[in-house]
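Here is a short report on one protein model. Look over the sequence and the fold first, then read on.

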Amino acid sequence: MNIVVIDSQGGGIGRQVVSSIRAAFPDENITAIGTNAQATAAMLKAGASHGATGENPVIVASRNADVIIGPIGIVIADSMIGEVSPQMALAICQSKAKRILIPVNHCDNIVVGVSDLSLAKLIQEVIERIRDLQGKLTSLGN
């Protein structure tokens, strides 16, 4: 399974996601894409298989991903203090990958109807969704 984790700003959410995925799925390919070098570096230190920074890596990685994971802002143009370009959001949204979006309410985007869970609980749900997807992909022979 080709897992792509996208984050911005300091990469704190992405770092925790990558670390948790690596612990739960030690053999999976995890590509870390940061909207800036600091975010990419944080995810690489957490155990990503490889990483890249910027708009074009988001676009290219979105083409080949089985799963794309990140804060909900990765699919909203100009979010995350402008670090997500319209082209990035479009590439992620048009990807054939399953998207696991973490509903963090900041940067002027508020998701209603979602419980205010801790980041640790949200990341645990990410891991559960990957397990579900991994089982479905395995049963399809992918």
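## Terms and model

Contact here means heavy atoms within 4.5 Å. The model is predicted.

Helix H5 spans residues 86-94. Its buried residues are Met88, Ala89, Ala91 and Ile92. They lie on the same side of H5, because they cover an arc of only 165° around the axis. An α-helix has 3.6 residues a turn, so residues three or four places apart point the same way.

What do the buried residues of H5 pack against? Two of the partners are strand S1 (2-7) and helix H3 (55-64). Strand S4 (67-71) and strand S5 (98-102) are partners as well.

## Glutamate 28: a buried charge

Glutamate 28 sits in the loop between helix H1 (12-24) and strand S2 (29-34). Glutamate 28 is buried, yet has no salt bridge. The nearest side chain of opposite charge belongs to arginine 22, 7.6 Å away. A salt bridge needs a distance within 4 Å.

Glutamate 28 does have a polar partner. Its side chain makes a polar contact of 2.6 Å with the side chain of glutamine 134. Leaving aside residues up to four places away in sequence, glutamate 28 touches Met1, Ile3, Arg22, Ser49 and Gln134.

Is proline 26 buried or exposed? Proline 26 is exposed, with a relative accessible area of 54%. The cut-off for exposed is over 50%. Proline 26 lies in the loop between H1 and S2.

Valine 60 is 34 residues from proline 26 along the chain. Their C-alpha atoms are separated by 24 Å.

Terms used
Residues are numbered from 1 along each chain as its sequence is written. This is a predicted model: local features need pLDDT of at least 70, side-chain atom pairs count only at pLDDT 80 or more; totals for chains, interfaces and linings use all residues. Side-chain values use heavy atoms; hydrogens and water are left out. Helices (H or I, at least four residues) and strands (E, at least two) are DSSP runs, numbered from the N terminus. Buried means under 20% relative accessible area, exposed over 50%, partly exposed in between (1.4 Å probe, protein chains only). Lys and Arg count as positive and Asp and Glu as negative; His and the chain ends are not counted. A polar contact is a pair of N or O atoms within 3.5 Å; within protein, one must be able to donate a hydrogen and the other to accept it, and residues adjacent in sequence count only if both atoms are side-chain atoms. The arc is that of the directions from the helix axis to the C-beta atoms.
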